[in-house]
Amino acid sequence: MSKNRHTYIPVLGSIATIGLVLYIRNLFKIQLTTDEKEAIYNGNIILKPNSKILAITVYPDDLNLYVGGTLKHLGQRNCDITVINVVNDGKCMSLRNLIQNRQTKQVKAANVLGIKDTKLFHLPSMDLKKIENIKPMLENAFLDIKPDIIFAFDFLYPFNALKYSNHMNVGRIAHRASSVLKNTKCQFAFYASSRPNSIVDITTTLEDKICAVKCPQRQLRFRESLYKRGIRRLARYSANRTILNYGETFRLNKI
């Protein structure tokens with residue numbers, strides 16, 4: 001009986017590992033809605049040189065994780081990049097001097113990626129329940145910046161792992177606020193999308209992305225090597241079934 005039990009343990013361990021991998025893939029499931037050639041072409045549209053870029057995020061670490069490699073490319077192409085961080089208080093209010101600490105780290109991440117301007121709305125998380133309050137703030141930012149590309153969270157087709165109300169609400173209100181730009185050529189590049197139609201090759205900017213992701217971490221719960229490995233695997237998975245090694249995917253959509 002003991003022998004059979006020892007035989008089952010490795011088998012059960014393998015089954016559990018396979019199950020975990022499948023579960024994680026489902027959480028970050030990506031299905032290109034166009035063919036590879038068009039997806040790469042759309043990615044090149046996003047990377048147009050000398051563009052005005054506006055990237056909107058709830059928390060800065062989300063933007064670095066899903067758009068970091070692309071933002072680095074845009075910085076290298078002489079694009080004028082502005083980031084709007086809607087929430088600036090973090091999720092753990094017990095940490096001393098948290099806001100100042102996060103601002104310092106955001107500046108470091110911005111320097112890595114070539115971001116010239118970061119705007120802070122300074123809203124605590126609970127205020128996002130009154131989400132309509134940020135609509136006029138975003139409208140003013142849109143009219144002031146007049147962006148060519150707006151990066152925002154995909155509120156229609158988000159990753160299963162990221163179906164949080166704050167993320168989806170900010171993405172939704174950003175899309176509504178963009179009506180002030182309806183007569184322009186501005187486009188949305190929705191990130192963290194499960195149904196993207198664009199892919200950007202981040203093979204040459206992956207290390208910068210990893211560095212930027214580490215900058216705003218509130219506290220590293222795991223070893224640094226695990227974060228690096230996870231970021232590389234996500235970028236590799238995003239480029240799956242294409243000729244690219246590492247990528248970031250977006251749902252490119254006209255206003």
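Colleague: Where is the place of Asp-62?

Modeller: Asp-62 sits in helix 3.

Colleague: And what is Asp-62 in contact with, leaving aside its neighbours within four places in sequence?

Modeller: With those neighbours set aside, Asp-62 contacts Thr-57 and His-167.

Colleague: Let us step back. How many helices and strands are there in the protein?

Modeller: The protein has eight helices and seven strands. Of its 255 residues, 47% count as buried. The exposed surface comes to about 13800 Å², and carbon and sulfur atoms supply 53% of that area.

Colleague: What share of the contacts between residues at least 6 apart in sequence join residues at least 24 apart?

Modeller: Among those contacts, the share is 84%.

Colleague: Which residues touch the most other members of the largest nonpolar core?

Modeller: They are Ile-56, Leu-71, Leu-138, Phe-151 and Tyr-191, in a core of 60 residues. Ile-56 shows what this looks like in detail. Not counting residues up to four places away in sequence, Ile-56 touches Leu-63, Ile-84, Val-86, Leu-138, Phe-142, Ile-150, Phe-151, Ala-152, Val-170, Ala-174 and Tyr-191.

Colleague: Now helix 2. Which of its residues are buried?

Modeller: Helix 2 spans residues 36-46, and Ala-39, Asn-42, Gly-43 and Ile-46 are buried there. Viewed down the helix axis, the buried residues fall within an arc of 105°, so they line one face of helix 2. Lys-37, Tyr-41 and Asn-44 are exposed on the other side.

Colleague: What covers the buried residues of helix 2?

Modeller: The cover includes helix 3 (60-76), together with strand 4 (149-153), strand 5 (187-191), strand 6 (198-201) and strand 7 (247-254).

Colleague: What caps the N-terminal end of helix 2?

Modeller: Asp-35 does, with a side-chain oxygen 3.2 Å from the backbone nitrogen of Lys-37. Thr-34 belongs to the loop between helix 1 (2-27) and helix 2. The side chains of Thr-34 and Glu-38 are joined by a polar contact of 2.7 Å.

Colleague: Is Thr-34 buried or exposed?

Modeller: Thr-34 has a relative accessible area of 19%, and the cut-off for burial is under 20%, so Thr-34 counts as buried. Not counting residues up to four places away in sequence, Thr-34 touches Ala-39 and Asn-197.

Colleague: And past the helix, what about Asn-50?

Modeller: Asn-50 is in the loop between helix 2 and strand 1 (52-57). Its phi is positive, about 60°, although Asn-50 is not a glycine. The relative accessible area of Asn-50 is 54%, which makes this residue exposed.

Colleague: What is the phi of Lys-146?

Modeller: Phi of Lys-146 is near 50°, a positive value in a residue other than glycine. Lys-146 lies in the loop between helix 5 (135-145) and strand 4, and at 53% relative accessibility Lys-146 counts as exposed.

Colleague: Changing topic, could you describe the part around strand 7?

Modeller: Leu-244 is in the loop between helix 8 (224-238) and strand 7. At 10% relative accessibility, Leu-244 counts as buried. Leaving aside neighbours within four places in sequence, Leu-244 contacts Ile-40, Ile-199, Val-200, Asp-201, Arg-236 and Ala-239. Leu-244 and Ile-199 are 45 residues apart along the chain, and their C-alpha atoms are separated by 9.1 Å.

Colleague: And Gly-247?

Modeller: Gly-247 is found in strand 7 and counts as buried at 2% relative accessibility. Gly-247 and Arg-232, 15 residues apart in sequence, are 9.6 Å apart from C-alpha to C-alpha.

Colleague: Finally, what pLDDT does the protein average?

Modeller: The average is 79, and 70% of the residues score at least 70. Over residues 11-23 the pLDDT is below 50, and this stretch has zero contacts in the model beyond near neighbours in sequence. Residues 90-96 also have a pLDDT below 50, with eight contacts beyond near neighbours in sequence. Where pLDDT is low, the predicted coordinates should not be read in detail.

Methods:
Residues numbered from 1 in each chain as written. Predicted model: local features only at pLDDT ≥ 70, side-chain atom pairs only at ≥ 80, totals over all residues. Heavy atoms only, no water. Core = buried A, V, L, I, M, F, W, Y, C linked by side-chain atoms within 4.5 Å. Buried < 20%, exposed > 50% of the residue type's maximum accessible area, 1.4 Å probe, protein only. Contact = heavy atoms within 4.5 Å. Helix = DSSP H or I, 4+ residues; strand = E, 2+ residues; numbered from the N terminus. Areas by Shrake-Rupley, 256 points an atom, 1.4 Å probe, with all protein chains shown as cover. Arc of directions from axis to C-beta. Polar contact = N/O pair within 3.5 Å; in protein donor to acceptor, adjacent residues only side chain to side chain. pLDDT = per-residue confidence, 0-100.
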